[in-house]
Amino acid sequence: MNASSMNVDLDQERLRKHLGPELYRHSLGVAETALELAERYGADKRRAYLAGLVHDYAKNLSAERLLALASHFGLPIDRITRAEPRLLHAPVGAALLPLEMKITDAAVLNAIACHTTGSSRMSLLARIVYLADVIEPSRDYPGVERLRQEAFQDLTGALLAAVENTIGSVLARGLLLHPRSVSFRNQLLLEKRMIGG
Ligand code: FE
Ligand code: FE
């Protein structure tokens with residue numbers, strides 16, 4: 001499946017300029033991977049592709065700008081987020097996209113808003129975008145190949161491995177860990193136990 005196979009109503013050239021080459025390539029990878037996961041798990045393919053394309057729309061903004069925009073949009077800024085403002089690129093992106101890229105689909109915007117920390121209440125679409133973000137083809141880290149395979153066999157298991165991986169790297173780098181990542185991890189573990197995994 002290639003990028004042109006999914007016709008989304010979006011100015012891709014404008015997006016490419018906004019993101020820059022590296023982030024645009026990552027975004028195309030997330031879009032393609034999200035599309036494949038949507039196909040596998042019965043989510044809306046067009047929404048998955050679109051969400052993947054624009055999920056990092058606010059990623060290049062500075063910490064100061066992210067904080068300013070978050071307060072402009074009335075987004076909650078907890079003390080972890082205040083100390084790690086880059087976490088805001090997800091919700092700030094979701095707030096900017098209706099204004100700057102005419103994306104108003106609430107399901108797509110919700111998926112984008114929680115793609116960095118995860119949360120205990122995520123739609124199938126949001127889960128797909130979260131996972132696609134960490135397994136898209138340009139990602140390269142120990143275990144990514146195994147995670148790519150698991151993603152198409154056991155969505156909950158792969159998400160659990162992905163969030164535990166992220167939490168591990170946050171701890172290893174001495175960063176603050178957002179409680180929403182912990183809730184997401186616990187939610188997935190509870191689901192896994194319920195289905196006897
Ligand atoms: Fe991101
Ligand atoms: Fe990303």
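**Close-up views of a predicted model**

**View 1. Leu-35 in helix α2.** Leu-35 has its place in helix α2, which spans residues 21-41, in a model that is predicted. Because its relative accessibility is 0%, Leu-35 counts as buried, the cut-off for that class being under 20%. Tyr-49 stands 14 residues from Leu-35 along the chain, yet the C-alpha atoms of Leu-35 and Tyr-49 are separated by 5.1 Å.

View 2. Asp-56, through OD, together with His-89 and His-115, each through NE2, coordinates the iron ion (ligand 1) at 2.1 Å. Along the chain, the donors of this iron ion follow the spacing D-x32-H-x25-H. His-89 belongs to helix α6 (residues 89-100), whereas His-115 sits in the loop between α7 (106-113) and α8 (124-135), so the pair ties together parts that are 26 residues apart in sequence. Both His-89 and His-115 are buried.

**View 3. The iron ions (ligand 1 and ligand 2) with Asp-56.** The iron ion (ligand 1) and the iron ion (ligand 2) lie 3.5 Å apart, and Asp-56 coordinates both of them.

**View 4. The largest nonpolar core and Leu-15.** The largest nonpolar core holds 58 residues, of which Leu-10, Leu-15, Ile-103 and Leu-131 touch the most other members. Helix α8 contributes the largest share of this core, namely nine residues. When its neighbours within four places in sequence are left aside, Leu-15 is in contact with Leu-10, Tyr-24, Leu-53, Val-54, Tyr-57 and Met-101. In soluble globular proteins, nonpolar side chains tend to be buried together.

Methods: Residues are numbered from 1 along each chain as its sequence is written. Chains are lettered from A and ligands numbered from 1 in the order in which they are written. This is a predicted model: local features need pLDDT of at least 70, side-chain atom pairs count only at pLDDT 80 or more; totals for chains, interfaces and linings use all residues. Side-chain values use heavy atoms; hydrogens and water are left out. Helices (H or I, at least four residues) and strands (E, at least two) are DSSP runs, numbered from the N terminus. Buried means under 20% relative accessible area, exposed over 50%, partly exposed in between (1.4 Å probe, protein chains only). Donors are N, O and S atoms within 2.8 Å of the metal (3.2 Å for Na, K and Ca); water is not among the atoms, so sites may look incomplete. A nonpolar core is a set of buried Ala, Val, Leu, Ile, Met, Phe, Trp, Tyr and Cys residues joined through side-chain atoms within 4.5 Å. Contact means heavy atoms within 4.5 Å.
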